[in-house]
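Keep the model open beside the text as you read.

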Amino acid sequence: MARIGFVGLGNMGGPMARNLAKAGHQVAAFDIVPALVARAVEGGAIAVGSAAEAAQGADLVITMLPAGDNVREAWLGPGGNGAGMAAASRPDAILLDCSTIDVPTAREVAMESGRAFLDAPVSGGVMGAEAATLTFMVGGPEAAFAAAEPVLKQMGRAAIHCGGAGAGQAAKACNNMMLAATMIVTCEAFVLAERLGLSHQALFEVASKSSGQSWSLTTYCPVPGPVPGSPANRDYAPGFAASLMLKDLGLAAEAAAFTNAATPMGSRALELYQEFVRQGGGGTDFSGIIRMIRGVT
Ligand code: NAD
């Protein structure tokens with residue numbers, strides 16, 4: 001059993017913290033929304049009054065926050081004044097940020113923290129957080145990864161060490177850029193099939209056994225029918241909301257800009273999700289972009 005500090009108890013962090021308490025850890029939980037702390041306590045966590053308090057004395061300190069600015073402020077203090085969770089933590093603690101943020105901020109926080117710091121964004125969404133089937137992509141020191149891995153496996157199915165500081169965020173940005181582009185082109189193929197008089201099922205049967213095969217097709221099929229569990233079968237209730245996909249594409253675009261990498265498909269995917277969100281699709285599953293592509297919103 002470890003002493004774990006957990007900060008950020010939202011859609012993802014809430015169930016992750018509850019899974020750690022269920023696994024027998026002593027979890028000190030904090031969120032700026034008191035109702036979320038109360039929910040974590042119902043799940044077996046202990047309420048604490050601040051992020052710094054969650055960090056104090058813990059073996060492992062975890063954040064699951066919305067964006068890079070929240071992460072920097074939580075760990076390094078307001079304006080980087082040093083009065084954050086990193087300074088409040090034990091010098092031998094392992095610090096772990098599971099939020100999805102930009103690579104430079106992940107590297108900066110890791111360096112400034114003065115501790116063994118891991119960036120460990122996740123894939124798998126709210127369902128994965130609840131069922132403890134997340135995949136963690138992790139950047140940071142190898143020894144810290146080895147020490148944190150057993151705990152990661154209690155919140156998820158897989159944990160992959162991707163390299164040094166920021167490598168987890170880099171993997172997440174690359175993966176989700178691929179996902180967005182394959183989803184859009186899968187939607188385009190189904191709309192084209194409709195215009196050609198080819199049934200959804202026929203295209204699915206062929207493409208799922210041919211070279212057009214992808215996760216977007218076989219797990220998240222954007223039309224109802226072929227994959228009964230996909231969001232298309234429940235009017236595109238998320239799943240993975242288009243607004244979150246847009247956030248991740250923004251991070252990929254930023255990464256492409258600062259590395260001078262050419263990402264023409266990723267850029268186009270970003271534009272299309274921007275348009276979909278502008279039209280009101282942000283709260284629907286990202287596969288719902290098929291409605292915009294079909295011309296019906
Ligand atoms: P969320 O908005 O539901 O939760 C974030 C929580 O952080 C909120 O409860 C908020 O009150 C809290 N918070 C913000 N600032 C704080 C502070 N200074 N101190 C304490 N608590 C603070 O977001 P989420 O859906 O749980 O996502 C969290 C992260 O995980 C994001 O970076 C997101 O991109 C990523 N992610 C989300 C999903 C998903 O499907 N929701 C999937 C993969 C990755």
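## Around Thr 186

Leaving aside neighbours within four places in sequence, Thr 186 is in contact with Ser 214, Ser 216, Leu 217 and Pro 222 (contact means heavy atoms within 4.5 Å). Thr 186 lies in helix H9, residues 167–196; helices are DSSP runs of H or I with at least four residues, numbered from the N terminus. With a relative accessible area of 9%, Thr 186 is buried. Here buried means under 20% relative accessible area, exposed over 50%, and partly exposed in between, using a 1.4 Å probe and protein chains only.

A word on the source: this is a predicted model, in which local features need pLDDT of at least 70 and side-chain atom pairs count only at pLDDT 80 or more, while totals for chains, interfaces and linings use all residues. Residues are numbered from 1 along each chain as its sequence is written, and side-chain values use heavy atoms, with hydrogens and water left out.

## An enclosed helix

Helix H1 (residues 13–22) has 9 of its 10 residues buried, so it is largely enclosed by the rest of the structure. Among the buried residues are Pro 15, Met 16, Arg 18 and Leu 20. Just after H1, Gly 24 takes a positive phi of about 105°.

## Salt bridges

The count comes to 10 salt bridges, each a side-chain nitrogen of Lys or Arg within 4 Å of a carboxyl oxygen of Asp or Glu. One of them joins the side chains of Arg 72 and Glu 108 (3.0 Å, N to O). Arg 72 lies in helix H4 (residues 68–76) and Glu 108 in helix H6, so this pair ties together parts 36 residues apart in sequence. Arg 72 is partly exposed at 24% relative accessibility, and Glu 108 is partly exposed at 29%.

Glu 194 is partly exposed, with a relative accessible area of 28%, and Arg 294 is partly exposed at 26%.

Within helix H13 (residues 264–281), Arg 278 and Glu 275 sit 3 residues apart, about one turn of the helix. Their side chains meet in a salt bridge (2.8 Å, N to O). Arg 278 is exposed at 61% relative accessibility, whereas Glu 275 is partly exposed at 27%.

How values were computed:
Helices (H or I, at least four residues) and strands (E, at least two) are DSSP runs, numbered from the N terminus.
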